[in-house]
Amino acid sequence: MPFVMVQASLWRRKACVLGATVLLGLAVSWTSAASGHTATAKAGIDTSAFDNVPLNQLSVSGLHNAYERSKSKSLTKGLDLGAHLVEIDTYSTYGNPGGWMVSHSDPLANDNNCTYTTGSGVFKKTWQNGSLRTCLDNLRDWGDAHPDHDPVYIKLELKWGFRSGAGMGPTQLDQLVAKHLGADNLFTPADMLGTAYSSLDAAAKAGAWPTWKGLRGKFIVFPITGTIENKLAGYDLDNLSTEQEYAQHVADLAAAGRLAQASMWPAMTKPSPTGDPRLIYSPTLRPWFVIFDTQATRWLGDGYSLSWYCGNHYLTLESAAESVSPALDDTNPDPVAAAQRVQYLAQQGHSSITTFDWMNTPAAFTLWSRNC
């Protein structure tokens, strides 16, 4: 169906500002078909009305490349605004726990807003440009300061994938995540399965997702195949993607009875418009993918069977919200139009997570029913 939005050009500046102010102050209402109650929540303020809603029925939003200094001096600033996802680009560069570089385009040096301190007293100094473990430490510190925080997704784009031969494989990244975020602060595949299910697919189809309240204080981490890795694959220089390698790792752990060692979730970044996209992988890997990530324009414009993802209770991530027609400014959109875009992707695009680069539109971080 066509997407109809009020164009910013039809608004006078004063009306636009007033509309944004009103939208920020209004509560968002959602009626739960299961409980029959009406819930309200303000963007970035109070989401407790959603406490009894399963994770797969909610739509949240978050920040693309939240580590970039152009967005903020702090990785966690977006979380303070109400974001429920932060995306971090990382390179498996130097073969040690501190060797995971966090940068958009430089694999040899950190370039980010993740901070660490050196010295003490009058000699204490705070530095930016930390490695991945520093970014995870920042997120843990934020979580410790907000012990009842909403569930937060962490999307790790492994720009050129794992390097298991250099001690930077799935096992080592699992350990890094558990150590620096805190194992007790994670919602993991083993938590989803418990003792009742044999795979993530079985658990998801059974509707075993915890409620919003049940996930308070938790981080949900998933690595995705990176852009450089995709380019290498195009030249037959990398035939094992991050998503396949991590899914195999999780499947192997489950088969060995050690699934609790997996700190993260497998995620597919090229879901198919028709049918089950997991068919490209072996039957042993398919049941471990229940998170699917691609651009919002593809979800809406390429004939994807969104009802299939909804019906199986899978999570979908729709990135680059600004690109959906009519396109919005990448970084400084009209606040009303931005909030409407997020609502549209939640309720018409059935998005579990919508991402963008907007830092000046707090209303875009409002929670919505996913309308599945």
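Predicted model: local features only at pLDDT ≥ 70, side-chain atom pairs only at ≥ 80, totals over all residues.

Guide: Let's start with helix α4, where the buried residues are P170, L173, D174, L176, V177, H180, L181 and G182. That spacing is worth a look with helix geometry in mind. An α-helix has 3.6 residues a turn, so residues three or four places apart point the same way. In α4, L173, L176, V177 and H180 are among the buried ones.

What sits over them? The cover on the buried residues of α4 includes β5, α3, β8 (152–158), β9 (219–225) and α8 (242–255). As for length, α4 runs over residues 170–182, and its 13 residues should span 18 Å at 1.5 Å a residue; the end C-alpha atoms are 17 Å apart, so the two agree.

Now step across to α3, one of the elements covering α4. Helix α3 has 14 residues and reaches 20 Å from first C-alpha to last, close to the expected 20 Å. Its buried residues are L132, T134, C135, L136, N138, L139, W142 and G143.

C135 brings us to the cysteines. It forms a disulfide with C114, and their sulfur atoms are 2.0 Å apart. C114 lies in the loop between β5 (100–102) and β6 (116–118) while C135 is in helix α3 (residues 132–145), so the pair ties together parts that are 21 residues apart in sequence. The torsion about this S-S bond is about 100°, so the disulfide is right-handed. Both C114 and C135 are buried.

Searching the whole structure turns up 2 disulfides. The other cysteine pair to look at is C310 and C372, with sulfur atoms 1.9 Å apart. C310 lies in helix α10 (residues 306–311) and C372 in the segment after β13 (368–369), so this link ties together parts that are 62 residues apart in sequence. The link of C310 and C372 is left-handed, with -50° about the S-S bond.

C310 has a relative accessible area of 10%, so it is buried, whereas C372, at 52% relative accessibility, counts as exposed. Counting bonded cysteines along the chain, the disulfides follow the pattern 1-2, 3-4.

Notes:
Residues numbered from 1 in each chain as written. Heavy atoms only, no water. Disulfide = S-S within 2.5 Å. Helix = DSSP H or I, 4+ residues; strand = E, 2+ residues; numbered from the N terminus. Buried < 20%, exposed > 50% of the residue type's maximum accessible area, 1.4 Å probe, protein only. Expected span 1.5 Å × (residues − 1). Contact = heavy atoms within 4.5 Å.
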